[in-house]
Amino acid sequence: MLRYFCLVAMLILAGEFAGAINLLSGPETVVYDSLNNQYLVSNMYSPYYVVAIDEDGRQSIFKSGLNFPHGMTIANDILYVTTNYNYKGGIFGYDLATGEMVFSKFLNSWFNSANGLTADTSGNLYISIFTSEVYRIELLTGLEYKVVNSMTIPNGLHFDALNNRILIPGEAWDTHLYVVDASTYVFSSIPVELGMYSCITEDQYHNIYVSAFFQNMIYRFNSDFSAPRELVSSGHSGPEGICFNK
């Protein structure tokens, strides 16, 4: 599975980019930047970078000056990154062509730790707060709405375009997966085998892959979660943000 996965925790350890200068001290989330044919990786330990990795494995700093960059997503050639300043969570957006900051938003919640991030196709970002909440941010207006008020440690989010919904893992023992309908914003659960799930990605056949941080495993589910989960990769060290190279 190494040739297909862009699992952050494996990028360097597996020797995928052997010989390159390693700028990563705490890789967290990876996204593919098709505009520039490169991967972007958030480094949430000091020094706080978003690192670019080109097709030859060379690393460079795409953006510095962030505080604990965690979740990332790309929408309309803008890279959105969650960040945290003095326990104040928010999102910065950077134009992939110029590197210029084009979006900045801090949440009104007085104490939060912003982590997971995804975007739907209707102009909304969704951001998870590590304590218990998920917010929807309208990109056009900057308005925020709380769509999940209480769940246990929501982490990496994923927009399931096939079913127009946001998939949300809960990083706590013995939890299901959760979902927010992207049309009605109704919050519900998806009954699956209980686990401690971290982050989610999807392949071109709409199979869903979920990392399990404390189990050190990657599971695969079919598109409607009707079949039992399948173990596809194991032996990692705290796998979190994952990306499928379609």
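Guide: A residue is called buried when its relative accessible area is under 20%, exposed when it is over 50%, and partly exposed in between, as found with a 1.4 Å probe and protein chains only. The model is predicted, so local features need pLDDT of at least 70 and side-chain atom pairs count only at pLDDT 80 or more, while totals for chains, interfaces and linings use all residues. Residues are numbered from 1 along each chain as its sequence is written, and side-chain values use heavy atoms, with hydrogens and water left out.

Visitor: Why is Tyr39 called buried?

Guide: Tyr39 has a relative accessibility of 14%, and because buried means under 20%, Tyr39 counts as buried. Tyr39 belongs to strand 2, a strand being a DSSP run of E of at least two residues and a helix a run of H or I of at least four, both numbered from the N terminus. Its C-alpha atom lies 9.5 Å from that of Gln59, 20 residues away along the chain. Across the chain there are one helix and 20 strands, and buried residues make up 54% of its 246 residues.

Visitor: What makes Glu100 count as exposed?

Guide: The value for Glu100 is 52% relative accessibility, and since exposed means over 50%, Glu100 is exposed. Glu100 sits in the loop between strand 7 and strand 8 (101-106). Leaving out residues up to four places away in sequence, Glu100 touches Gly93, Tyr94 and Asp95, where contact means heavy atoms within 4.5 Å.

Visitor: How do you know whether Gly90 is buried or exposed?

Guide: Gly90 has 0% relative accessibility, and because that is under 20%, Gly90 is called buried. This glycine is part of strand 7 (residues 88-95). With residues up to four places away set aside, Gly90 touches Val81, Thr82, Thr83, Lys105, Phe106, Leu107, Ala114 and Ile127.

Visitor: Why are Tyr185 and His206 called partly exposed?

Guide: Tyr185 is at 28% relative accessibility and His206 is at 30%, so each value falls between 20% and 50%, which is where partly exposed applies. Tyr185 lies in the loop between strand 15 (175-181) and strand 16 (187-195), and His206 in the loop between strand 17 and strand 18 (208-212). Although Tyr185 is not a glycine, its phi is positive, at about 65°, and His206, also a residue other than glycine, has a positive phi near 70°.

Visitor: What makes the peptide bond from Ser46 to Pro47 a cis bond?

Guide: Its omega is near 0°. Pro47 is in the loop between strand 2 (38-43) and strand 3 (49-54).

Visitor: What makes a group of residues here a nonpolar core, and which residues touch the most other members of the largest one?

Guide: The members must be buried Ala, Val, Leu, Ile, Met, Phe, Trp, Tyr or Cys residues, joined through side-chain atoms within 4.5 Å. The largest nonpolar core has 14 residues, of which Tyr80, Ile91, Leu125, Ile127 and Ile137 touch the most other members. Strand 6 (78-85), strand 9, strand 10 (124-129) and strand 11 (133-138) each give two or more residues to this core. Another core lies apart from it, with 13 residues that include Val179, Tyr197, Tyr219 and Phe225. In soluble globular proteins, nonpolar side chains tend to be buried together.

Visitor: How do you know how many disulfides the structure has?

Guide: A disulfide is a pair of cysteine sulfur atoms within 2.5 Å, and a search of the whole structure finds zero. Cys199, at 6% relative accessible area, and Cys243, at 10%, are buried, because both values are under 20%.
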